[in-house]
Amino acid sequence: MNVVQKITAPGCGCDAPEHMKSLITIDEALSRIADNAAPIQATEQVAPGDAHGRILAGPVRSRAMTPPFDNAAMDGYAVDTTALSGAGPWTLSVSARVPAGQFPNLPVTGLSAAWIFTGAPVPAGADAVMMQEEVQRTGATIRIDRRPSPGQNIRRAGSDMAAGEIVLDAGQRLGPREIAACAAAGAAAIDVVRPLRVGLLVTGNEVRQSGSDHDRAQIWDVNTPMLSAALAGPCVDVVSVELGADNRNDLRRQLAKMSERTDIVITTGGVSVGEEDHVKPALGELGAETFFSGVAIKPGKPVSFGRLGSAFWLGLPGNPLAAFVTWQLFGTALVRALTGQPIGKHSRRHVITAHTIRRKPGRCELRPATIAGFDDLGREVATFEPATHSGRVGRLPQADGLLFLPADIDELPEDALVEFLPFCDL
C-alpha cells in the first residue's frame, strides 16, 4: 500500500533499470515521437463553419474590438444616472426607441430615457440600462423606483476581445467553442493544417475479411476496420488501406509505394522477432530509419516507430487489443505531433481501483478499465477484467480507458491510486 500511495505524478514505473535493457519506457517513446515528428508545413484555408475538427496552422487575431460598441445586455431603458437626484422614485420621458442593428441618432439628456433592446447601441448620454421588468411605463413616460448603478446592464465595447488580440494559438483543435471565438473575431477564413495522408497496411497470411468464409487456420480481420475507424476524422485523409501477406518481397514493394504518397504508414503485425515477421526486415532493406523498436509495455511490446523516405512509419502489433492500445498511446501522439499539437501527458489522471489486482511484474501493463462512479471522497473508481489479453476485444466496448499498472508491482490492493488514460478520438 505504501508503494501505491507514492504514485502522485505521471509515471508508470516501467523505467526502472532492471526493465530497461533493449526496451524503452512509454514516456521515452513519446519523447522520440515529439523529437522526430516535426509539424507538416502545408496548410489550407477553410471557412469557420467548415473547420470543425481541423487544427489551426497559425494564430487567429481579432479583426476589431468585440463588441464594437457599448450595447444593451437586455431589453429595457437607457438612462443617465447622474440626472436622478434625490431618493426617487423618478419619472422620465421616453424620447427614443433603439432596436438592435440601428444606431441611435438622439442622445439621452436629463430626465429622459431611450427604450432599448438587447444588443442595440447605447445612446450617448446614457450610462445604465434599467431592465424592462423593473420599470413601470405609462404612455410616453416611465417610473423608476430603484436607482440604477452606472454601467448596469451595459456590455462595454472591447470587453470580449481587443483589436489585434490573439484569440487562438496555432496547434489548437477547432471545436464549436473555438469556432465561436473565430467567428466573433471576424475571421472569414481560417488557416488550418492540411489533412495528414495516411496509409494502413495490415499484414498476416491468416487474416481474412470479417464475416467471410475462412479455414480453420485463419481469422477475421479486426485491425483494418478498427484502425480505419480510429483514423476517421477531419485532420486525417486515409489514402490507402491494404492487406499484406507474410512475404518480404511483396511487403517491401507495398511499403515503398505507400510511403511515396503518405505522411504516415501504419502497419499491423510483422514487427516482432519471429521468422514470419517480415515488416522490419523489409523496411531495413528499403533504408528506413528506426527511432525505437520495442517499448516496455503489456500489451504491445513490439511497437516500433521510424521513417521511410518522407513518411513516418508506425509499426503496431498484430493482436487487435495490442494494436488498439498502442494506437491510443503512440498513434494519436504521432498525429498530434505532425499537426502541431502538444503530445504531453496532460490527459492522464488518477483513479482508484475497485478491487485487488494481481499480476506478473516486469512491464508497465495497460489494462482496459471502466469508470464505475465515485467513492465517498469523490475519487473516480475503475473496474477492470482480472487479466489483459492482447488478442481479446470483446470487452473493449465497455471500457473507458487504460489503467497504467506499474512494472515493478505484482499486487495492488483495493482503493489503490493508479494512472488512467481515457480513450480519445482524432
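This report walks through the predicted model of the chain, from its confidence and overall build to one glycine.

The mean pLDDT of the chain is 92, with 93% of residues at 70 or more. Residues 1-11 are another matter: pLDDT is below 50 there, although the stretch has 20 contacts in the model beyond near neighbours in sequence. Where pLDDT is low, the predicted coordinates should not be read in detail.

## Overall build

You'll find eight helices and 28 strands in the chain. The radius of gyration is 30 Å, while the globule rule gives 22 Å for 426 residues, so the chain is more spread out than a compact globule. Along the principal axes, the C-alpha trace spans about 95 × 50 × 45 Å.

Of the chain's contacts with a separation of 6 or more, 71% are between residues 24 or more positions apart.

## Inside and surface

Buried residues account for 47% of the 426 in the chain. The chain exposes about 20100 Å², and 50% of that comes from carbon and sulfur atoms.

As for charge, there are 40 positive and 47 negative ones, and their mean positions are 1 Å apart.

## A look at Gly331

Gly331 sits in helix 8, which covers residues 320-338. With a relative accessible area of 2%, Gly331 counts as buried, because the cut-off for that is under 20%. Leaving aside residues up to four places away in sequence, Gly331 touches Leu314 and Thr326.

Definitions and conventions
Residues are numbered from 1 along each chain as its sequence is written. This is a predicted model: local features need pLDDT of at least 70, side-chain atom pairs count only at pLDDT 80 or more; totals for chains, interfaces and linings use all residues. Side-chain values use heavy atoms; hydrogens and water are left out. Helices (H or I, at least four residues) and strands (E, at least two) are DSSP runs, numbered from the N terminus. The radius of gyration is taken over C-alpha atoms; the globule rule is 2.2 Å times the number of residues to the power 0.38. Buried means under 20% relative accessible area, exposed over 50%, partly exposed in between (1.4 Å probe, protein chains only). Contact means heavy atoms within 4.5 Å. Accessible areas come from the Shrake-Rupley method with a 1.4 Å probe; for residues, only the protein chains shown count as cover. Lys and Arg count as positive and Asp and Glu as negative; His and the chain ends are not counted. The place of a charge is taken as NZ of Lys, CZ of Arg, CG of Asp or CD of Glu. pLDDT is the predictor's confidence in each residue, from 0 to 100.
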